[in-house]
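Have the structure open as you read.

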Amino acid sequence: MIISASEGDGHGEGAVTPLEAAFEERACAQRAGTAVFMEGVSLALLGRVEQLRIRPTNASGTVDDDGHQQVRLEAGEDGPGSTCTCSDSSGGVFCRHAVAVALVATGSAGMADDDDEEEGHTEDLFADDPVHAAIRVFLSRVPRAELVETLLDAADENEVVADVLWEATVAWHGRQHGAV
């Protein structure tokens, strides 16, 4: 089944499936919330979505994220729905894995609309650098001891990183001891 939708300017018709209409990226961002949405974007951009099956009204796939999470998306008559095997999706919550599958299944992952930039629309949901988004997810989830070792290794390999870490260390010690 194909449905048609007007382009952003109200002119021209573009054929979209019910799945694409239900899981449009802005709707996904609203459903998931900003932080969860960005985590899903990172998973999609990192290529973590595997075994993707897409049909006009549903999609399923596996997301490699600390284990393999099974996701199913459905564009039903009652609106969009998702299920995931992760613990975050209990109670119908739209988790980062569902976001990743939705973005890849609808072709939205990392695809900025060039026409929007020409018209001066700067509110692109993928405006953040995907590398920084992926690093942000990594830094927020890696165990603290591993993070410390990673930073120390980076400081050993790169003098600029060592200098930045040293400045941050001095500033932190100053704050701890009441210095301004």
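## Salt bridges and a buried serine

Asp65 is buried, at 8% relative accessibility. The model is predicted. Asp65 pairs with Arg96 in a salt bridge, with the closest N and O atoms 2.7 Å apart. Asp65 sits in the loop between β4 (58–64) and β5 (68–76) and Arg96 in helix α4, so this pair ties together parts 31 residues apart in sequence. Arg96 also counts as buried, at 11% relative accessibility.

Arg96 has a salt bridge with Glu39 as well, at 3.7 Å, N to O. This pair links distant parts of the chain: Glu39 lies in helix α3 (residues 34–45) and Arg96 in helix α4, 57 residues apart. Glu39 has a relative accessible area of 19%. The cut-off for buried is under 20%, so a residue at 19% counts as buried.

The count is 4 salt bridges. Among them are these:

| Pair | Closest N and O atoms |
|---|---|
| Asp65 and Arg96 | 2.7 Å |
| Glu74 and Arg72 | 3.0 Å |

Glu74 is partly exposed, with a relative accessible area of 30%. Arg72 is partly exposed too, at 37%. Through shared partners, salt bridges join Glu39, Asp65, Asp88 and Arg96 into one network.

Now the serine. Ser89 lies in the loop between β6 (79–84) and α4 (96–105). Is Ser89 buried or exposed? Ser89 is buried, with a relative accessible area of 10%. A polar atom of the Ser89 side chain lies 3.1 Å from the backbone oxygen of Cys86. Leaving aside residues up to four places away in sequence, Ser89 touches Cys84 and Cys95.

Conventions:
Residues numbered from 1 in each chain as written. Predicted model: local features only at pLDDT ≥ 70, side-chain atom pairs only at ≥ 80, totals over all residues. Heavy atoms only, no water. Helix = DSSP H or I, 4+ residues; strand = E, 2+ residues; numbered from the N terminus. Buried < 20%, exposed > 50% of the residue type's maximum accessible area, 1.4 Å probe, protein only. Polar contact = N/O pair within 3.5 Å; in protein donor to acceptor, adjacent residues only side chain to side chain. Contact = heavy atoms within 4.5 Å. Salt bridge = Lys/Arg side-chain N within 4 Å of Asp/Glu carboxyl O.
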